[in-house]
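Subject: A structure for you to look at

Hello,

Here is the structure I promised to pass on to you. Have a look at it first, and then read on for what I found in it.

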Amino acid sequence: MINFNGTIVSQDANILTQNRAFLYGDAVFETVKIIDNKILFLEDHYFRLMSSMRVVRMEIPMNFTMEYFEEQILSLVKNNVLADSSRARITIYRNDGGYYLPQNNTISFLIHAIALEEKFYSINKKEYEVDLYKDFYVTKQLLSSIKTTNKILNITASIYANENGLDNCILLNDSKNVVEALQGNIFMLLGNKLITPPVSEGCLNGVMRKQILGLAKKIEHVVVEEVISPFDLQKADELFITNVIKGIQPITKYRKKEFTTKLANVLVEKLNEAVSGV
């Protein structure tokens, strides 16, 4: 028996009683965008998920191929009539058993999907203000670069942003350098030089981050992965955030500095050209 919200019930009545994702954050996930029944950047998502599972020592089933990954997601969105434009999340968690030490490394997965209003990427023209979040810091380690279900730092920072009238917060690492935004990688344009923090600084190894690095090189920008300090942000010509669902979100204001969005607009055009041919 367990006590659930003040009522004594059988533990079989609640599937979370032994769920390791719930109890210990013992899970990894991927969020993908689907357009016209196709998963964008399928290969990048699949291999990042496999890498994440290996890092946390999960057992990868023999049948969990890229084709299986694709089939499972698309069968769900088709069943829910979401194949035109949607986002789907696959969460992979270690099966029940054990405390910190698992009894086994086998896995189960859960996929859910919702519709997206916009099929292709676009720039939000509204003001978008950010500031630093300094209550807690991202550690410079491999675990910070993968998508696990331990997102308490992002949650507390999101609450901070909401309480302070901000659209987003910039996270710092334990060296007090810029890492990323709450739900995406961060890029800084300085002259003709586009800079984003290296993964070694603790940022997520983002799928959209990879696409933007490639697209920016094609339009003859100097593209580098370098450490960014908070002081560098106020020298920037542009700042923007990237993730697979939104694409590019320009930052228009950081403290007293306001930014242009010229490069962000160009990159969104190039991004849509790329995905329309997927």
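This is a predicted model: local features need pLDDT of at least 70, side-chain atom pairs count only at pLDDT 80 or more; totals for chains, interfaces and linings use all residues.

If you click on Leu267, you can see it touching Ile212, Leu215, Ala216, Ile219, Phe240 and Ile248, leaving out residues up to four places away in sequence.

**The chain as a whole**

Now zoom out. The chain has seven helices and 16 strands. The C-alpha atoms fill a box of roughly 60 × 45 × 30 Å along the principal axes. Of the 278 residues, 49% count as buried. What about contacts that span the sequence? Taking contacts between residues at least 6 apart in sequence, 68% join residues at least 24 apart.

**Two helices that cross**

Two packed helices are described by the angle between their axes and the distance between the axes. For helix α2 (residues 42-55) and helix α3 (residues 66-79), the axes come within 10 Å and cross at roughly 110 degrees. An angle from 65 to 115 degrees counts as roughly perpendicular, and α2 and α3 are therefore roughly perpendicular to each other. On the α2 side, the contact is made by Leu42, Glu43, His45, Tyr46 and Leu49, while α3 brings Met66, Phe69 and Glu70. Sorted by class, this contact of α2 with α3 has five nonpolar, one polar and two charged residues.

Is Thr148 buried or exposed? Thr148 has a relative accessible area of 14%, and buried means under 20%, so Thr148 is buried. You will find Thr148 in the loop between β7 (129-138) and α4 (152-163). Not counting residues up to four places away in sequence, Thr148 touches Ala27, Val28 and Phe29.

Glu127 sits in the loop between β6 (107-115) and β7. At 53% relative accessibility, Glu127 counts as exposed, because exposed means over 50%. Setting aside neighbours within four places in sequence, Glu127 is in contact with Asp167 and Thr252. The C-alpha atoms of Glu127 and Lys253 are separated by 7.3 Å, although these residues are 126 apart along the chain.

Finally, please look at two backbone angles. Phi of Asn37 is near 65 degrees, which is a positive value in a residue other than glycine. Asn37 is placed in the loop between β3 (27-35) and β4 (38-39), and with a relative accessible area of 35% Asn37 is partly exposed. Arg57 also has a positive phi, near 65 degrees, and is a residue other than glycine. Arg57 belongs to the loop between α2 and α3, and its relative accessible area of 61% makes Arg57 exposed.

Enjoy exploring, and do write back with any questions.

Best wishes

Notes:
Residues are numbered from 1 along each chain as its sequence is written. Side-chain values use heavy atoms; hydrogens and water are left out. Helices (H or I, at least four residues) and strands (E, at least two) are DSSP runs, numbered from the N terminus. Buried means under 20% relative accessible area, exposed over 50%, partly exposed in between (1.4 Å probe, protein chains only). Contact means heavy atoms within 4.5 Å. Axes are lines fitted to C-alpha atoms, for helices over the stretch in contact, and angles run from 0 to 180 degrees between N-to-C directions. Angles under 35 degrees count as roughly parallel, over 145 as roughly antiparallel, 65 to 115 as roughly perpendicular and the rest as oblique. Ala, Val, Leu, Ile, Met, Phe, Trp, Tyr, Cys and Pro count as nonpolar, Asp, Glu, Lys and Arg as charged, and the others, Gly among them, as polar.
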